[in-house]
Amino acid sequence: QSRLGFCRSSPGCLSLALLCRGGAELLFDGVKKHQVTLPGQEEPWVIRDLLVWIKKNLLKERPELFIQGDSVRPGILVLINDADWELLGELDYQLQDQDSILFISTLHGG
Amino acid sequence: MPQPWLPLPVSGQNLCQDAAFKDGIWDCFRAFYVHKFRAVLGKNRLIFPGEKVLLAWSGGPSSSSMVWQVLEGLSQDSAKRLRFVPGVVYVDEGAACGRSREDRAKTLTDVRQILQTLGFPWHIVTLEEVFALPPSVLRCSAQDPVGTVGTYKVAVDSFLQQQRTLAAEGLRGSPSSAQGEEQPSQPCTQDSQDPVGPPPAAQTEALSQLFNSVKTLTAKEELLQTLRTHLILHVARTHGYSKVMTGDSCTRLAIKLMTCLALGRGAFLAWDTGFSDERHGDVVVVRPMREHTLKEVAFYNRLFAVPSVFTPAVDTKASEKASIHRLMEGFLLRLQAQFPSTVSTVYRTSEKLVKAPRDGCAAGPRCLLCMCSLDVDSADSATAFGAQTQDFSQTPPPTPRAKAGAPAGPCCAAGLGGAPNCWQGTRPCGREGSRARVLEHLCYACRVTMKDVPCLDPLPPYILVEAQLRSQRPSAEIQEHLVENSDDEAPASGSGARGPPEQEGKEARAARDCINKNFFN
């Protein structure tokens, strides 16, 4: 996918795909994929802001099972465009248009 | 051969970011992942060529990855091919989790779809089948000790020799079968086992009541694990599998180690977390995924599209402090986030645990439920623990719940005499004797678990029957007494004539009274 694509609705806004796997989807009413559009803001969007936004707008229940403090609960992996977020700066990664963020819960046994 | 890491003329952060998109990196990861799996199996040399191995698949990521590894391992070219004969078992635990019939049926459809693509024989069992288990599942079968390295090597060499002979014959026989049939005849899926319809509603109800009556999530998880283990063991024995593989990952085992310590299972850590667990005798449980962390498993499954089925369990959406298991998980994972060597350190500790030498599985009494050696002296009531375990048979009964007409209503812990309020409904609660009779055969940790199960009658019959059988078996002391009596009966003259009838009767009576006094009071 092109990483230089624009979001067309307004300047500075971001169009993202949020995916949930491994049981994390239970906290989002079972929905595994969310296509979201973040409004433009002064500071560039980083993951930290995205988590706050998710907690406010998408999490249907039990926020403490997904977010702890300002990060995700330990045991939930975050992949940004299929790369480990630890390699990309974790909470400080600057989101870009058309990014795909995947949350995999490893907490559910297997 | 994975491609070498190409250096890129960009800043440190972007190096990894761009390299992540290069196939070479993922090839390397995949090679390492697969290598770890094969190395764990090869290092331990417990799985002999041609052996039947049952893969315990829960649908979750780790066991799915394990099944996938086996599938890929079997399809490789002959030199590196895995040599055992696998089957897969899936246990539907929906009744214990309170899932509806429709949800369970839907999950089973997804499960079947995946199982059908594997090509191994598969067995779908429901947890309700524990009500049909025989008491013999709780007995350890005597088994020859696991072969030494020498035996393993001999077995492998002879297997390879056999394959070469077959291949050669194949070549001579017909020109078309150029490679020869290197595998034993394809395991046919006609061996597969699949319940025709949903389990009887009465059993589902009974199971669900049993789990609802358990007071804590900790005890629920332990009980579920126990029943699941027995069920899988039974499937393995029935279909001739001598090994069971479970998908416990490194992370899970580290959490399990700490949890077992907290639960009072410290004495059995080596069996609970080691590579192999031989407590059942004829069926050995092995853990080939123990070197893979949950993070590696998740990445691998994502990148290589390993199919899995997500199933809610008893602890889904439980809060962090809901059970000891959850507490430990939260503790370790949080610590790991700050100190990335936590999990591996705990795991390495588990590798150092050595099992105490066993004389054979018959030596010493074993716990009725977890089948580890009993670590409590059941006759010792003088200790604080002894007093404690006897106490919960004397707790006052809670106020009887008014569930009129409920056939198998909740039981109360009856007072000593068997209080009249205990006979509500058609299924009376067991008296003191039956609860004590089960508890005396449990290890410390299982007793603590059962403390949170107010009435033991809803347990599946095989447990109660086996407890009864074990209680009736005379102890060694009584055996000796009986032997002495029969010696006394033989007359000293050696004529073979029996002693006077009155004397004989008296001895027999004495023995009988002794047994009665000790077991049937």
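Below are my entries on chain B, from the overall counts down to one helix.

**Ground rules.** This is a predicted model, where local features need pLDDT of at least 70, side-chain atom pairs count only at pLDDT 80 or more, and totals for chains, interfaces and linings use all residues. Residues are numbered from 1 along each chain as its sequence is written, chains are lettered from A and ligands numbered from 1 in the order in which they are written, and side-chain values use heavy atoms, with hydrogens and water left out.

**Whole chain.** I counted 19 helices and 6 strands in chain B; these are DSSP runs numbered from the N terminus, helices being H or I with at least four residues and strands E with at least two. Of the 521 residues in chain B, 42% are buried (under 20% relative accessible area with a 1.4 Å probe, protein chains only; exposed is over 50%).

**Sheet.** I found an open sheet of 6 strands in chain B, order 3-2-1-4-6-5, with mixed pairing (two strands pair if DSSP finds at least two bridges between them). Strand 3 (122-126) and strand 5 (276-277) of chain B are at the edges with a single partner strand each, so each has one side without a neighbour in the sheet. I then checked strand 2 (residues 85-92) of chain B, which pairs with strand 3 of chain B in the parallel sense over 5 bridges. One of the residue pairs I noted is B:Asp92 with its bridge partner B:Thr126 in strand 3 of chain B.

**Helix 5.** Helix 5 (residues 101-118) of chain B packs on the sheet, touching strand 2 and strand 3 of chain B, and its direction makes about 165 degrees with that of strand 3 of chain B (axes are lines fitted to C-alpha atoms, for helices over the stretch in contact; angles run from 0 to 180 degrees between N-to-C directions).

Which residues of helix 5 of chain B are buried? My list is B:Arg104, B:Thr107, B:Leu108, B:Val111, B:Ile114, B:Leu115 and B:Leu118. They sit on the same side of helix 5 of chain B because they cover an arc of only 125 degrees around the axis (taken from the directions from the helix axis to the C-beta atoms). The face turned away from that buried side of helix 5 of chain B carries exposed residues, among them B:Glu102 and B:Lys106.

For partners, I see the buried residues of helix 5 of chain B packing against helix 3, strand 2, helix 4 (94-97), strand 3 and helix 7 (201-213) of chain B (contact means heavy atoms within 4.5 Å). Last entry: B:Gly119 follows helix 5 of chain B, and its phi is positive, near 90 degrees.
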